[in-house]
Amino acid sequence: MLKLYNTLTRKKEVFKPIKDKKVGMYSCGPTVYWYQHIGNMRSYVFADILKRVLQYNGYKVKHVINVTDVGHLTSDDDTGEDKMEKAVKREKKTAKEIADFYFKKFKEDLKKLNFTEPDKWPKATEHIKDMIDMVQTLIDKGFTYETSDGIYFDTSKLKDYGKLANLNLKKLKAGKRIDMKEKRNKTDFALWKFSEEKGKRQQEWEAFGRTGFPGWHIECSVMSSKYLGEQFDIHTGGEDHISVHHTNEIAQSETAFGKKPWVKYWLHCSWLLFNKGKMSKSKGDILTLEKLEEEGFKPLDYRYFLLNAHYRKQLDFSTEALRNAKNSYERLKNIIAEIKDDKKINEKYLKRFEEAINDDLNTPNALSVLWELVRDKKSEGKIKTIEKMDGVLGLDLLKKEKKYIPEAIEKLAEERLEARTNKDWDKADKLREEINSKGYIIEDTKKGYKIKKE
Ligand code: AMP
Ligand code: ZN
């Protein structure tokens, strides 16, 4: 029996899909204007574990992750610059080139983390017509008003607005100051924005008699329901999305589709903290997977580090904590590499593992069960049991290690080979020093080079 904590009801609930053994699951995806950092990766590894646990329990999962390539403003209150347009100015490229580049990078990182590909990656810019149609439905139903800068959803028309976040609207009215501009209520949000001046943005469309672009929330309502139906089972995201983004997705979807609840289970992953705060691009305090690799960590060291904490607990990142995780992970793999037994599954351990993962994805407990199993001198059927467990954990526990050199080091070695071919000995020496300073040794061979860890 699988139990999941539902943000909507604030309870752990027994999971029951809308239809038989089929599950529709949507995860809010990346805004592709910059690298996704290891904090973002936490929310995707969590979604991956959830999907694998559902599959372990015999469900067939259809997973959709959106790609935000327009309309995500720098501030959650509908002001600020469009993040994509900001990147256009920064990189002097087209929005499409920027989106393609960071999306590709993002997918490469996910792959390294053993993330299982979703069934669909819909892009916002490829669903503009659907978004215009949904906004039109909301206009026709009388839930919107127009200001000089866009079309807004009037949240005062919904009795249950804010139910996901348990928002206290009275308190909100009295408290927190926000830039209201022409908004009627503090919680009203933009469905569609008008361009300040036609031709200044790269991405804009003609609709509602003006030139404009979609608000951020509308894309998730449109793309999730287009591929999963007007009512579906699970929606995931980071905890930062609860009070604004997901709250607004619910408001517009339940109004447009007329079905309640629009989504049955809402699951949120807590933050990865860094230097005492949320790791976030806007603060600038971010680390990428590539950076960790340059420091000698493997992507799966990071996955192991994440699985050691429950997804609903905030997790402090530090190099030291990651190093500890790396050491345990390597020890675990080394012990497993020595195991020789081909008996059938050890049901006792597998059952305990199952209880852990089915208790709201308790991966730290699941890992403890795994450790107990590998250390238990008397138990049999270890390999088959580990294989089954790894189907959920995705840690390549039975994969034999081949020599691992981070991509960044390989790149330096390639550059050095090129320098040597061009007889640029100075450059070659400098590159050797750089490789050494990162903890690797390069030796020249007849065919090229060999790299070793120091
Ligand atoms: P973004 O590209 O900013 O829209 O974020 C992509 C996903 O990462 C969203 O689900 C966010 O909630 C999540 N996220 C952002 N920062 C963190 C963090 N520090 N820890 C965990 N999840 C995060
Ligand atoms: Zn979303």
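The questions and answers below go through selected features of this predicted model.

Local features are given where pLDDT is at least 70, side-chain atom pairs count only at pLDDT 80 or more, and totals for chains, interfaces and linings use all residues. Residues are numbered from 1 along each chain as its sequence is written, chains are lettered from A and ligands numbered from 1 in the order in which they are written, and side-chain values use heavy atoms, with hydrogens and water left out.

Reader: Which protein residues are the donors of the zinc ion (ligand 2)?
Author: Donors are N, O and S atoms within 2.8 Å of the metal (3.2 Å for Na, K and Ca), and as water is not among the atoms, sites may look incomplete. In sequence the donor residues follow the spacing C-x191-C-x24-H. Lying 2.1 to 2.2 Å from the zinc ion, they are Cys28 (SG), Cys220 (SG) and His245 (NE2).

Reader: How many residues apart in sequence are the parts that cysteine 28 and histidine 245 tie together?
Author: Helices (H or I, at least four residues) and strands (E, at least two) are DSSP runs, numbered from the N terminus. Both cysteine 28 and histidine 245 are buried, where buried means under 20% relative accessible area, exposed over 50% and partly exposed in between, with a 1.4 Å probe and protein chains only. Cysteine 28 sits in the loop between β3 (22-27) and α1 (38-56), and histidine 245 in helix α7 (residues 242-257), so the pair ties together parts whose separation in sequence is 217 residues.

Reader: Are helices α4 and α6 roughly parallel or roughly perpendicular to each other?
Author: Axes are lines fitted to C-alpha atoms, for helices over the stretch in contact, and angles run from 0 to 180 degrees between N-to-C directions. Angles under 35 degrees count as roughly parallel, over 145 as roughly antiparallel, 65 to 115 as roughly perpendicular and the rest as oblique. The axes of α4 (residues 128-140) and α6 (residues 216-228) come within 9 Å and cross at roughly 105°. The two helices, α4 and α6, are therefore roughly perpendicular.

Reader: Which residues make the contact of α4 with α6, and how many of them are nonpolar, polar and charged?
Author: Contact means heavy atoms within 4.5 Å, and on the α4 side it is made by Asp130, Met131, Met134, Val135 and Leu138, with Ile218, Glu219, Ser221, Val222 and Lys226 on the α6 side. For the classes, Ala, Val, Leu, Ile, Met, Phe, Trp, Tyr, Cys and Pro count as nonpolar, Asp, Glu, Lys and Arg as charged, and the others, Gly among them, as polar. By class, the contact has six nonpolar, one polar and three charged residues.

Reader: What is the centre-to-centre distance in the aromatic pair of phenylalanine 15 and tyrosine 59?
Author: Rings of Phe, Tyr and Trp (its six-membered ring) pair if their centres lie within 6.5 Å, and planes under 30 degrees apart count as stacked, over 60 as edge-to-face and the rest as tilted. The structure holds 22 aromatic pairs. Phenylalanine 15 and tyrosine 59 are both buried. Their pair is edge-to-face, with 90° between the planes and a centre-to-centre distance of 5.4 Å.

Reader: Which residues do ring pairs link into a cluster with Tyr35?
Author: Tyrosine 35 and phenylalanine 101 form an edge-to-face pair, 6.3 Å centre to centre with 75° between the planes. Tyrosine 35 is partly exposed at a relative accessible area of 27%, and phenylalanine 101 is partly exposed at 35%. Ring pairs link Tyr35 into a cluster with Trp34, Phe101 and Tyr102.

Reader: Which residues does arginine 90 touch, not counting residues up to four places away in sequence?
Author: Arginine 90 is found in helix α2 and counts as partly exposed, at 40% relative accessibility. With those sequence neighbours left out, arginine 90 touches Tyr33, Trp34 and Tyr102.

Reader: How far apart in space are arginine 52 and glycine 394?
Author: Arginine 52 has its place in helix α1 and is buried, with a relative accessible area of 11%. Leaving aside neighbours within four places in sequence, its contacts include Asn114, Arg303, Asp390 and Gly394. Although arginine 52 and glycine 394 are 342 residues apart in sequence, their C-alpha to C-alpha distance is 8.7 Å.
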